[in-house]
Amino acid sequence: MKLRFLMALWAAKLSQPLLKITKHNGTNFPGELALKLCPDFLKYVAKPRRIITVTGTDGKTSVSNLICDMLEAEGQRVLNNRAGSNINSGVATSLLSGCTIFNRTRYDVAVLEVDERSSKRIYPYVKPDVTVITNLFRDSIMRNGHPEYIASILTSAIPPETKLILNADDLISASVAPSNPRVYFGLDRLPGDVTECVNRINDLRICPKCAGKLEYEYRHYHHIGRAHCRDCGFQSPAPDYLGTDVDLEKMTMTVRDAAGDHPYKLLSDSTFNIYNQVTAIALMRELGMDHDKIASLMSHIKIAESRYLSQKAGQVEVVMQMAKDRNALACSRVFDYVTSRPGEKELLLMMNNLSDDLHWSENTCWLYDCDFEFLNDDGVIHVVATGPRAKDYYLRLRLAGVPADRVDCVRDEFEAADKLLLRPGSSVYLLYGADNRSLTMAHRVREKIIHRAEEAQA
Amino acid sequence: MKIEILYPEVCNLYGDLANAEYLSRSSGAEIVTTSLKEKPHFPEEDIALVYMGTTTERGQELVRDAFAPWLGALKERTAQGGLTLITGNALEIFGEYIQDEERKIPMLGLFPSHAERHMMARYNSLYLGKYGEMDIVGFKSQFGHSYGDNGEGLFTTVRGPGLNPEVKPEGFRQGNLMATYLVGPLAILNPPFAKELLHLMGVAAPQLECEDIAYEAYQIRVREFSDPNRGFTY
C-alpha cells in the first residue's frame with residue numbers, strides 16, 4: 001500500500017477529533033484533506049464487501065435512508081454518508097471514518113448517496129455492486145445543464161459490472177448504461193394521472209430512438225409515466241417491481257414481481273415517496289430479502305422529515321418545508337403537494353439562494369420552468385414573496401395568474417412574516433431554499449410566525 | 001398576428017419558452033408550434049415572430065437536420081424584414097460547425113462562426129449589455145462559446161462575456177434576425193427589449209402584461225448587475 005495513502009488516511013483521521021473539539025464535525029474536511037494529500041485516496045481506502053450507491057435527481061436521500069434503516073434493523077453494519085455530503089470528499093470522509101488506522105473496514109455494507117455530477121470522480125475507485133437511479137429531471141441550470149447530459153455522465157462513469165435498479169417510468173434514467181445488467185421498478189396508474197403533460201417541465205417529449213412524438217398511457221407528473229413512440233414502437237420497459245393498487249385512504253399498496261403480489265403499508269401519501277418506497281423494496285428484493293421481511297422492517301421505519309417541520313401555533317399550523325432554491329422541479333412538486341392539502345393555505349416564498357446574493361446574483365431562469373400556476377388555486381388564500389428576489393417571484397406569481405389581492409411582495413423576510421394573515425384554521429407554509437443561510441433565516445422567520453400566531457390566540 | 005415556436009419538444013430548456021408566451025400574452029398574438037417532423041409555418045404564413053430556444057446537444061443536431069430545408073426560407077424572411085429570435089445554444093445551430101473535443105459537427109452556416117464545446121466545463125455568468133441605449137440584463141449558462149466574425153453583434157457587452165469571453169459583441173444580428181447566447185426569459189427580464197420586439201412584430205402601442213412589476217424587477221437587476229463589486233461568473 002502506498003505510503004502516501006497511509007499518510008493521508010492518518011492525517012484525515014487525526015483531523016476528525018480536532019474538528020469535533022472545535023465543533024466542526026459533520027463537514028467534509030477529512031475527505032477533502034485525504035484527497036488533497038492523496039488524489040487516488042478512494043482507490044486505496046478500505047471498503048465494505050458490498051457497496052450500494054443511490055443517485056438521481058430526486059429521492060436519493062430518502063431512498064438511501066430507507067435502505068440504511070432496513071439493513072441496520074436487520075443487524076448489518078451499514079456505512080453511509082447521510083451525515084456528510086454526496087460528492088467525492090463526502091464519500092471519502094465516510095469511507096475513512098469507517099476504517100481503522102490500519103485501513104480495515106468495520107462495516108458489512110456501504111449505502112452511499114452519490115451526486116450525479118460527482119460520479120466520474122467516485123466510480124473509478126468505488127465500484128458499486130448495485131446502483132439505484134431514482135429518476136433524472138432538469139436540476140440546477142448552472143451545474144447540471146439538462147438530464148440528457150447527466151445521463152451521459154452516469155453512462156460513462158458507472159462500472160460495466162454494476163447492476164442497475166432503474167425507474168421504468170422515466171425513459172431518461174432508464175436509458176443509462178444500456179449494457180449493464182438491470183432491473184426496473186415502476187408505479188402503476190394512479191387516480192389523477194394524465195396523458196398530456198400539465199407541468200412546465202417536460203424533459204422527454206420525443207422518442208429517444210427516432211425523435212417521434214411520445215404518447216403516454218398515463219403520466220404521474222412531468223415525464224414520469226408509461227410511454228410509447230407512435231412512430232417506431234419504442235416503449236417504456238416493463239417493471240420487474242411494480243407498485244400497484246395504491247389506496248391512499250387505507251394507506252396500502254401492492255408490489256408485484258416475479259414472486260407474485262405482496263401487500264405493503266404506505267409510508268407516505270405523496271407520489272414521490274411512494275416511488276421511493278417501491279425503489280427501496282426493489283433494491284431489497286435484489287439483495288435477496290423476501291417480501292414479509294421487507295414489509296416487517298418497513299413497518300418500523302418513518303420517512304425522514306428533516307426537510308419538513310410542522311407545528312401547531314395558536315389557531316394555525318405552521319409548516320416549514322424545504323423547496324430547493326434554483327430547482328424548478330422540486331419547487332413544482334412542493335407547490336403541487338401544498339395545494340393538494342385540505343383547507344386554506346397561506347405561503348411565504350423565501351426560496352431565494354442567500355449565498356448567491358452575497359457573491360453574485362441568483363440565476364432566476366428556473367422560475368419560468370416552475371409551476372407557479374399551481375398557486376393560482378382557491379385554496380391558496382395568500383402568498384407573500386420575500387427575499388432578494390422578491391420582485392421576481394412577485395412578477396412570476398402574477399404572470400401565473402395569481403390574483404393581485406392574494407399576493408404581497410416584501411423584500412425583508414421578517415416584515416414579510418408580518419404580512420401573513422394567519423387566518424384561524426389555515427396552514428402557513430414557509431418554503432425555504434437549500435443553502436445554509438436560507439435554513440438559518442427560515443428558522444428565525446418561523447419563530448416569528450409562531451410567536452405572532454400564539455399572540456393572536458392569546 | 002402569430003408567433004411560431006420552432007421545435008418546442010427539444011428547444012425548451014431554462015424557461016426560454018416564456019419569451020414567446022410573454023410576447024403572445026402582451027400582444028394577443030396566437031402561438032403556433034412546429035415539431036421536428038413538421039413543415040414550419042413561416043415560409044407560407046404571415047408570422048410576426050419566429051422563435052427558437054435553448055436545446056440539448058442532441059437537440060442541436062436534430063434541429064439542424066429538421067431545419068436545413070428551410071434555411072433558404074429563413075434567409076428570404078430576413079431579407080424581407082421578418083423578425084426571428086434565437087436564444088441560448090440554438091445560436092450555435094446557425095454557425096458553421098461545433099467542435100466538440102475531437103468531433104467536428106457541421107451546422108447550418110448562416111453565421112460566420114463556429115462553437116467550441118467542452119462538456120465538462122460548464123460556463124455560467126451574469127450579463128450586462130446594451131441594445132442601442134437600452135440596458136440588457138441576462139444570464140449565460142452554456143457548455144461553450146462561439147468564435148468568428150459576429151460584426152457588432154446583437155448586444156454590446158458592458159460586463160460579462162460577448163460571443164466568447166474575449167470579445168464585446170454578443171450574439172448576431174442580420175436585419176431582424178436576432179440571436180443571443182442569453183438563456184431564459186430574456187423578454188421578461190428586459191421589458192424595454194420586449195417592447196422593442198413587440199414593436200418589430202407590428203404592435204402599434206406595445207403594452208406588456210404586468211408591465212409595472214416587470215420594470216421594477218428590471219431596474220433592481222440593472223442596478224445589481226452594474227455594481228462593480230458584484231461577482232459575475234459562477
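Domain bounds here come from an automatic or database domain assignment. On that basis, chain A holds domain 1, residues 3-179 + 268-298, and domain 2, residues 308-457. Keep in mind that this is a predicted model.

I'll stay with chain A for a moment. Taken over C-alpha atoms, the centres of domain 1 of chain A and domain 2 of chain A are 32 Å apart. The two do touch: domain 1 of chain A puts 10 residues into the contact, and domain 2 of chain A puts in 11 residues. On the domain 1 side, that is four nonpolar, three polar and three charged residues.

Next, a pair of helices in chain A. Two packed helices are described by the angle between their axes and the distance between the axes. For helix α2(A), residues 29-37, and helix α5(A), residues 88-97, the axes come within 7 Å and cross at roughly 100°. Angles from 65 to 115 degrees count as roughly perpendicular, and α2(A) and α5(A) are therefore roughly perpendicular to each other. From α2(A), the residues making the contact are Pro30(A), Gly31(A), Glu32(A), Ala34(A) and Leu35(A). From α5(A), they are Asn88(A), Ser89(A), Gly90(A), Ala92(A), Thr93(A) and Leu96(A). Sorted by class, this helix contact has five nonpolar, five polar and one charged residues.

Now the contact between the chains. Chain B contributes 33 residues and chain A contributes 25 residues. On the chain B side, at least two residues each come from α2 (57-67), β8 (123-131), β9 (134-142) and α7 (211-226). Which of these elements gives the most? That is α7(B), with seven residues. By class, the chain B side splits into 19 nonpolar, seven polar and seven charged residues.

Last, helix α1 of chain B, residues 17-27. Why do I call this helix largely enclosed by the rest of the structure? Because 10 of its 11 residues are buried. Just after α1(B) comes Gly28(B), which takes a positive phi of about 80°.

How values were computed
Residues are numbered from 1 along each chain as its sequence is written. Chains are lettered from A and ligands numbered from 1 in the order in which they are written. This is a predicted model: local features need pLDDT of at least 70, side-chain atom pairs count only at pLDDT 80 or more; totals for chains, interfaces and linings use all residues. Two residues are in contact if their C-beta atoms, placed from the backbone, lie within 7 Å. Helices (H or I, at least four residues) and strands (E, at least two) are DSSP runs, numbered from the N terminus. Ala, Val, Leu, Ile, Met, Phe, Trp, Tyr, Cys and Pro count as nonpolar, Asp, Glu, Lys and Arg as charged, and the others, Gly among them, as polar. A residue is buried if 20 or more other C-beta atoms lie within 10 Å of its own, exposed if 12 or fewer, and partly exposed in between; C-beta atoms are placed from the backbone. Axes are lines fitted to C-alpha atoms, for helices over the stretch in contact, and angles run from 0 to 180 degrees between N-to-C directions. Angles under 35 degrees count as roughly parallel, over 145 as roughly antiparallel, 65 to 115 as roughly perpendicular and the rest as oblique.
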